[in-house]
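Please open the structure in your viewer and keep the selection tool at hand.

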Amino acid sequence: MAVVERRRNPLTEGLERPVAAPTALVIFGATGDLARRKLLPAVYNLAHDGALPHGFRLIGVARGELDDQGYRELIATAVERFSRRRPDRDVLARLLELATYEPGSFDDSELYVRLRQRLERFDRDDCLRHNRIFYLATAPAFFAPIVEALGAAELTRLEEAEVRAVVEKPIGRSLDEARELNRRLRAVLEERQIYRIDHYLGKETVQNILALRFANGLFEPFWNRNYVDYVQITVAEDIGIEGRAGYYESSGALRDLVQNHMLQLLALIAMEPPVRFAADPVRDEKAKVLRAVRPPAPQQIDEATVRGQYVRGVVEGEEVPGYREEDGVDPQSRTETYVALRLAVENWRWAGVPFYLRTGKRLVRKLTEIALTLKPVPHLAFQAEGGIAQQNEIVLSVQPNEGVAISINAKIPGSRMQMRPVKLEFLYGSTFLSESPEAYERLILDAMLGDATLFTREDEVAAQWAICQPILDAWARKGEPPLPYQAGSEGPAAANRILLPGHRWRRL
């Protein structure tokens with residue numbers, strides 16, 4: 001009988017996922033919005049892809065009075081509603097068999113006794129020692145108390161197994177709060193056990209920044225101040241605060257997105273090549289860049305920063321309320337829903353190159369992208385014949401369409417030397433013929449594998465706050481309200497004032 005050789009498919013090569021050691025994943029805040037929308041669907045999709053380890057266990061912890069069956073029904077509903085793919089009934093059923101629930105208040109010591117007993121019972125039942133991951137999907141006020149209670153219950157050390165804690169943002173509301181939170185976490189856990197999650201780092205295009213820069217000789221020669229004119233990082237949202245007034249009123253756009261996600265994007269774009277692609281070498285280089293970022297001086301705040309707040313307008317043909325009209329928002333609120341900044345990276349590679357950051361809610365459309373605009377060509381011999389050469393751009397699109405585009409100038413067909421910009425474009429979906437995994441899928445798997453490369457380290461968090469805190473302090477001293485901008489627009493027109501001569505915002 002002839003043996004038929006299975007042909008290698010180059011399009012799927014490298015898409016396989018490694019498998020972690022046996023793991024018990026404990027989600028605190030297991031019935032909350034984050035767990036239902038992101039974490040539980042991510043765990044299901046890992047199960048669907050065969051990436052969950054042998055001996056996997058899922059334990060939900062929350063205050064709601066559910067039993068195991070009630071929690072399994074909640075998981076099934078969350079997966080059916082929020083999973084990126086239609087759930088497979090058999091896969092979901094097998095996952096639900098591995099899920100249990102432990103009700104209790106996070107400040108109740110008895111909860112942690114019961115949790116320890118349950119984890120020990122799983123070790124006995126499965127005849128193995130599970131690694132333990134405690135995922136803190138709770139309000140920030142519970143982060144330190146939960147970790148301290150885990151330590152008191154002797155749940156943070158385990159012979160012949162690893163214990164890790166995943167901490168969601170925000171890591172404090174100020175530099176001082178961040179330092180205090182990290183101090184309390186480190187009093188119980190070692191730094192290697194703490195996984196501070198930033199879901200933007202789990203997005204495929206964000207990770208591709210490293211591949212684009214360091215695996216292609218084409219880009220590195222001009223990825224510096226000699227060729228780059230300016231850099232723009234944009235995170236635009238078309239939605240409002242989505243019922244999160246309690247959180248957003250105490251946060252604002254700078255704390256919500258700039259202090260974490262956007263400064264991490266800046267670090268990846270501006271960092272030096274790591275000696276190897278591993279957690280500490282990568283994070284060492286990011287920390288160096290963040291420490292080199294100079295926030296605007298107090299006398300430069302007006303010319304380097306803009307705060308805005310959306311008012312009533314039209315988004316996608318529908319009239320939407322202004323921020324102060326949202327449920328739970330102070331009618332006199334001075335919380336910013338839009339912020340634009342000009343920052344400088346004071347190191348050899350980037351000296352003199354402005355980095356423009358902008359983010360806002362209720363803008364004209366949803367868009368996350370990083371754009372490097374190159375310096376204009378020094379001389380254009382055929383300028384007199386009607387040719388107009390625009391500056392080349394490299395644009396990394398994070399959402400909604402993941403990919404990379406390079407704009408170049410090309411001659412328009414005809415007898416005259418006339419040009420227009422055209423795109424050389426790479427899109428993930430059409431190239432790899434597969435849907436990119438959700439960021440939380442990659443990050444939960446990395447936490448189980450013990451790979452902290454895409455998680456932020458304590459010194460990174462401190463450096464990010466050292467950039468933002470002087471800006472927040474200057475705004476507080478001035479006491480001026482944010483500038484109004486219409487919902488459905490591109491933000492306040494005053495954002496143009498932070499641009500240096502010859503620079504422009506990309507259209508949203």
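Begin by colouring the chain by pLDDT. This is a predicted model, and its chain averages a pLDDT of 90, with 94% of the residues scoring at least 70. Now select residues 1–13, where the pLDDT is below 50. Beyond near neighbours in sequence, this stretch has four contacts in the model.

**First stop: strand β1**

Select residues 23–28, which form strand β1. Is this strand largely enclosed or open to the outside? Six of its six residues are buried, so β1 is largely enclosed by the rest of the structure. In a regular strand the side chains alternate between the two faces of the sheet. Display the side chains of β1 to see both faces: Thr 23, Leu 25 and Ile 27 lie on one side, and Ala 24, Val 26 and Phe 28 on the other. Both faces are covered, and all of these residues are buried.

Strand β4 (residues 131–136) pairs with β1 in the parallel sense over six bridges. To find one of these positions, select Thr 23, whose bridge partner in β4 is Asn 131. Strand β2 (residues 57–62) also runs parallel to β1, and five bridges join the two. Here, select Phe 28, which stands opposite Val 61 in β2.

**Second stop: helix α1**

Select residues 33–48, the helix α1; together with β1 and β2 it makes a right-handed β-α-β unit. The helix has 16 residues and reaches 22 Å from its first C-alpha to its last, close to the 22 Å expected at 1.5 Å a residue. Where in α1 does a kink lie? Select Leu 39: the kink there is about 30°, shortly before the proline Pro 41.

An α-helix has 3.6 residues a turn, so residues three or four places apart point the same way. Display the side chains of α1 and look for the buried residues, among them Ala 35, Leu 39, Ala 42, Val 43 and Leu 46. The buried residues of this helix pack against several elements, including β1, β2, β4 and the helices α2 (68–82), α3 (89–97) and α13 (439–449). Just after α1, select Gly 50, which takes a positive phi of about 70°.

Most residues other than glycine have a negative phi, and most peptide bonds are trans. The following selections depart from that pattern.

Select Cys 127 in the loop between α4 (109–126) and β4. Its phi is positive, about 55°, although Cys 127 is not a glycine. Cys 127 is exposed, with a relative accessible area of 70%. Then move to Arg 362, in the loop between β13 and β14 (367–374). Arg 362 likewise has a positive phi, near 55°. Is Arg 362 buried or exposed? At 13% relative accessibility, Arg 362 counts as buried, because buried means under 20%.

Finally, look at two peptide bonds. Select Lys 169 and Pro 170: the bond between them is cis, with omega near 0°. Pro 170 is located in the loop between β5 (163–167) and α6 (175–188). Then select Gln 399 and Pro 400, whose peptide bond is also cis, with omega near 5°. Pro 400 is placed in the loop between β15 (393–399) and β16 (403–411).

Technical notes: Residues numbered from 1 in each chain as written. Predicted model: local features only at pLDDT ≥ 70, side-chain atom pairs only at ≥ 80, totals over all residues. Heavy atoms only, no water. Buried < 20%, exposed > 50% of the residue type's maximum accessible area, 1.4 Å probe, protein only. Helix = DSSP H or I, 4+ residues; strand = E, 2+ residues; numbered from the N terminus. Pairing = 2+ DSSP bridges. Right-handed = clockwise from strand over helix to strand, strands pointing away. pLDDT = per-residue confidence, 0-100. Contact = heavy atoms within 4.5 Å. Expected span 1.5 Å × (residues − 1). Bend = angle between axes of the 7 residues up to and from the residue.
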